[in-house]
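Visitor: Could you take me in for a close look at one spot in this model? I'd like the cut-offs spelled out as you go.

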Amino acid sequence: MKSTAKRRSERLQCKSKLALAEKGCTENVDVSVNDGNNSSFKQGNSKSTENAAKTFKKQKTRKRKISISSDDTVDSNISEDEWEEVDFAEPTNYEAHSDGTVEVTIRGAKPIETEESKWAKFIRQQVNRKIRDRQINCHKMHLLCYIAHLRIWTRALIQHETLTSLCLSLIPEGYITAAKHGFDVAVAERFMKWFRSAFQFTKRKYISTNGFCNSQIRRLEDLIGERAYEDDKDLASLLFLCLLSLKQCTRLCLSCQPITQKLTMNMLRSEHTEIFVKKNIDNNDNSAVWEKKLYEVTKKIKIKADDCSEYSDVKKCQVKKKANIKKSKENVESNSDQIASTSKRNIDSERNYWVEYWDHNNARWICMDPWYGSVDMPEGLEANATVPMHYVVCIDNNMGMRDVTARYASKFLSAEMRRLRVDSSWWTDTLKICILKYEAIYPEDQAPIGQIRGIDIYPRSSVFHLDGALNWMKHARMVKAGEKPYKVVKGRINHRAASQLKESRSLELYGYWQTEPYVPPKVVNGRIPRNEFGNLYVYKSSMVPEGCVHLQLSGLAAICRQLDIDCVPAVVGWEFHKGGNHPIIDGCVILKKHERILREAWKEFYEKKQIAAKKRLKERALKNWRRLVKGMLTMKKVRAKFLVVDHRSMQVDEKLEKKEDEVTAVDDTALSWPQTIFNFPGASIRDMVGWQLRLTPKEAAAKIVVAIIGLAIGAYAVASVYKPLQVSVDFRTNWICARVNYCATIKGNMTNVSNKLSTRKTNEDLTNVDDGGGYRDRSPSDSLFKRTFKFYKRHDVVPNLSEVLNLRSSLSSHGIVCSKFEPVVAPSDGILIKLGLRPVSKWTVSTITHRPGMIMLNDIFEPVSHLQWIKRSLFVYAEPPGFTNVGLKVSKVRNVFKEYGKQLRWSTLGLHYDWATKVYPLEGESLPEELVSLSDVLSQALGIGPMYADAAIINYYSRKSTLAPHVDRSERKLSSPLISLSFGQTAIYLAGGTDLDDPIDAFYIRSGDVLVVYGSQRLIYHAVPRIIKDKQFEDKDQPEEIVKYANENRVNITLRQVDEHK
């Protein structure tokens, strides 16, 4: 089998040979002319290049970013020969700089790319890839060397106890005592001050000889004896030893600076590469020979010392770093006089070593910087370390290693940092990995790739997940016969059992290699097999026994029992609640021969169930209406009996009937109960009983009005919930009609009462009974357009569509004129075929006499092109550079229709409309060519004038989708028309006026129609309240999913010209 590199080489060779498209090349010559005595012409200098890059960055016509810099380094993922050469737009403005320099850009001729130059470019790319692979391997090897160095050095410090003893002898007794009780941040800061005063910087060189460990140990012994240090490594090692002598858990940190992964121009533009290109222009070597030649030429390209560091990329960071060092020096000088004495030493060198210790009280690692004397200041370590800080590795006194770059590097999550670091998977496999409970190493004889603290390290690829036999069955796999468990772990305890009966259980785990595909049991004597619980596991479709079928229909088990047909409940999963796991049963498994009978029986059962549900709904609605009317009658009786004059007084003295003022009898019984005083129209306040008690007459009357309004609102709510019953003829009996008339009477009484209460007003009232027998809420804020929109939007009751106009035929009573279309500028036949339009001779146009500026072109597209436009809208216009509503939630989304077809609602092209601010941007991508051409053809054919569409909105309507009332006024050029293309199912279109209460016309827009609005109709309110399914598409040449979508949905494309174009 060929390697990946070989296959890639062969593929690139074939691709280069078959490439026919030629790309242009632009040569930019920057000429710099100074006002002084001397003038110089510079080509490609850094200043002019940067200015040119800034100018070109403003141009939005290019498709790919090109980085122009004077630095020799480039991104490791992009080489010079892999850059795509594109043409820049000509700059229109030339400005002189403040220093008198004038920049002139001269556009050179485009050279023709020959076959030989294409081969040369291909060979350079191959060589550069080899160089990149070598550079990455060098980067990895350097990291491994850093890790090995840190391990060897730390092991030497820990194993030689003489060093810790010497450091302990230098530490004052007070710090030793404090460390026993708790080494917190305050103690660490005091200890750091002592440490910096105890060890002084020295210019004397302590040179180690004869071996690494022993000589370095002797060197450290000399430094401890002299209380001195040479560099940051010595100082961090001494602090590490001091903390170790205090019995603190500590670790040594190192900021690694490995060889960069980036490629430089010195590597990419090597003379060896050019010689190799000239020699191998016409070679016909096979892949093996070609790879060998590439390896040989890569060996000849040397890596210079300047190419091994990141210094050229971070010159600006160096300046900032020096400023931070100066600031840190000033802070250190202000700490104490002892530290001030040490500020004279040379500390301009960079610090890459520091120490951390474990704070038991706060349960976290505290960093200590011995070079600048700071404690628990991780943000300051990056400013004083070598730039960039992209690898920080630490090792503790137990030889455990960890990558802590995320803690100290401020740009750890940035893209710039990710480009500097090696692949995360390789870096993770190099360090220690933890084997979880349900994981194991396979095969057992897998050789470790290293050790840390005596623990073997294995590659991540050798770690496999294990599962029990039951869990493997969920994946439609079963343990092979005779297999022994690969691992045995402690199982979960049964918490339901009594404490004295709880026993420890074990769980046998198996690996994937110990399993085989699940073999379902067979049907014996027409009986479906079952498990010990009477069910059948059907986690996958392949687990259904042969000759059986899984029907996922609710209530199927009861039907099978009635028909005496064998069925087994299907367990498709498990759910965990109430302290245990419970099976999820979905449908039943039956014999295949019974499938048709059971489906028919279930359909009949389901229809009866629906009829019974509707009957229960009607009975419940009738019961609620009866309860409502009885309550209102009871309210009337209560008011007549208790909220008028006292009838007992009238019985005692009949003369009271002749008096104008009526007084209520007051007895002991009446006074023994709390009384609520009410005031009614036409009655004097002083005539009411107990007017001087708790409620004033106005408050009492207001409470009555509120109560009556509440009953009215309840009646309306019941009518709204059970609207389907309002259409039923049986439901509207004379008994209900009488009660409804009574409700209308009460409504009039309510109005009279509320008019006399100035402080209590309400905006809600009940209208008269409509044709459907129900009530309708009509608040004063509802406009005519909104009420019409709600009328056609209703799906619970089919609205009356007799007032919707059909523009494909003339109707003089409504001012509709449909006639043959006569184009002002006739389009060519080629354009018509390209856009899928019918011949102009077959076009018809409809106009509305009282709406000048609104034109409907009826069915002008060929029948086969309807599905083609729908397909283009779903698979092309919904993909980048188009922006959809799905893109608001899912970034960088692709295959929108296939992955998120049901969620797709709109897509924007060209100048993307901002739905939040309702503003178009000033710049954006250009529209597809067919949309621009179609808008111009239709606009000129109608005699409106040329149109250059630069924005489009595609709306995707489902059966219940709507478009709310709105006005399209966001375009900056409102004199251009709006062109709306409709495909798929039919829509009802509402056209109003500039005010929401202006007259409204409702008409159909069918598939293939084009609606054009301009002039006085450009700024009218319009909406789409309903989609009607009345068209069936059939086309075997189109995908089934497109035909299915067109039979259920509607697609509308609106073309707009936002700005003026010359």
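Visitor: Which residue's side chain does the side chain of Asp234 join in a polar contact, and at what distance?

Guide: Quick ground rules before we go in. This is a predicted model, where local features need pLDDT of at least 70 and side-chain atom pairs count only at pLDDT 80 or more, while totals for chains, interfaces and linings use all residues. Residues are numbered from 1 along each chain as its sequence is written, and side-chain values use heavy atoms, leaving out hydrogens and water.

Now your aspartate: its partner is Arg219, and the two side chains are joined by a polar contact of 2.7 Å. That term covers a pair of N or O atoms within 3.5 Å; within protein, one must be able to donate a hydrogen and the other to accept it, and residues adjacent in sequence count only if both atoms are side-chain atoms. Asp234 sits in helix 8, residues 232-245 (helices are DSSP runs of H or I, at least four residues, and strands are runs of E, at least two, numbered from the N terminus). At a relative accessible area of 2%, Asp234 is buried, meaning under 20% with a 1.4 Å probe and protein chains only. Leaving aside residues up to four places away in sequence, Asp234 touches Arg219, Leu223 and Tyr229, where touching means heavy atoms within 4.5 Å.

Conventions:
Buried means under 20% relative accessible area, exposed over 50%, partly exposed in between (1.4 Å probe, protein chains only).
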